[in-house]
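Biologist: I'm new to this one and would like a close look at a single part of it. Could you walk me through that part slowly, and then through whatever sits around it?

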Amino acid sequence: RACGGREAEPTEGATGDPHHAAHASAEHAAHGDHGRHEPIPAQAPTMNTSIFQLESRFTDASGQPFPLSRLSGEPALVVMFYGTCTTICPVLAEDAKAITQALSAEDRAHLRVVFVTFDPVRDTAERMQAFAREHGFDLERTALLRGASDGDIRELSAVLGVQYRKLP
């Protein structure tokens, strides 16, 4: 079983984040088989590659194509997550909101917040819309994206230096 009670899905890579450490100790104790895998440290982002240059295909929470080049020209906070996660992902969502709220109104107006799911099979457009509602996201400034394929998600995660793996 993966964190949050899911089976055979990608799992978040460890980042040294204290939220993950708390999650690791409480959740791993609750799921007896978690001790069998070691956290995967985040890798350095792929240099000389911009997410704006990727040809990966993504769709947004309304099911419309969303090329990453659309983010060009404004700062973007990119978060990779699971929409069905009930442990660390809600913390990531609240952290993204806190980061946004800490900005000046002018800076906040230019920031795009982008959530990209590791699990496009379960995180349907409807689930992504529900996630946005649950966390009070403004879909004018926040994009929730699904990759068209596992390769699209892996390409983006490699550029960002995020590692994840599917559990058996």
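Which residues point one way from strand 4, and which point the other way?

Modeller: Happy to, and keep in mind that this is a predicted model. From strand 4, Arg112, Val114 and Val116 point one way, while Val113, Phe115 and Thr117 point the other way. In a regular strand the side chains alternate between the two faces of the sheet.

Strands of a sheet pair through backbone hydrogen bonds, either parallel or antiparallel. With strand 3, strand 4 pairs in the parallel sense over 6 bridges; for example, Ala76 has Arg112 as its bridge partner. With strand 5, strand 4 is also parallel, this time over 4 bridges, and here Val114 is partnered by Ala143. The antiparallel part comes from strand 2 and strand 5, which pair over 2 bridges; Thr59 has its bridge partner, Arg146, in strand 5.

Next, the helix. Taken together, strand 4, helix 4 and strand 5 make a right-handed β-α-β unit. The buried residues of helix 4 are Ala125, Met128, Ala130, Phe131 and Ala132. The cover over them includes strand 3, helix 2, strand 4 and strand 5. After helix 4 comes Gly136, with a positive phi near 65°.

Phe81, Phe115, Phe131 and Phe137 form one aromatic cluster. Across the whole structure, a search finds 7 aromatic pairs. Take Phe81 and Phe131: their ring centres are 4.7 Å apart and their planes stand at 40°, so this pair is tilted. It ties together distant parts of the chain, as Phe81 belongs to strand 3 (residues 76-81) and Phe131 to helix 4 (residues 125-134), 50 residues apart. Phe81 has 0% relative accessibility, so it counts as buried, and Phe131, with a relative accessible area of 1%, is buried too.

Another tilted pair is Tyr82 with Phe118, at 5.2 Å centre to centre and 40° between the planes. This one also links distant parts of the chain, 36 residues apart: Tyr82 is in the loop between strand 3 and helix 2, and Phe118 is in the loop between strand 4 and helix 4. Tyr82 is buried at 0% relative accessibility, and Phe118 is buried at 4%.

The charged end of Arg70 sits over the ring of Phe66, 4.3 Å from its centre. Arg154 lies over the face of Tyr164, at 4.3 Å from the ring centre.

Terms used. Residues numbered from 1 in each chain as written. Predicted model: local features only at pLDDT ≥ 70, side-chain atom pairs only at ≥ 80, totals over all residues. Heavy atoms only, no water. Phe/Tyr/Trp six-rings, centres within 6.5 Å; stacked < 30°, edge-to-face > 60°. Buried < 20%, exposed > 50% of the residue type's maximum accessible area, 1.4 Å probe, protein only. Lys NZ or Arg CZ within 6 Å of the ring centre and 35° of its normal. Pairing = 2+ DSSP bridges. Contact = heavy atoms within 4.5 Å. Right-handed = clockwise from strand over helix to strand, strands pointing away.
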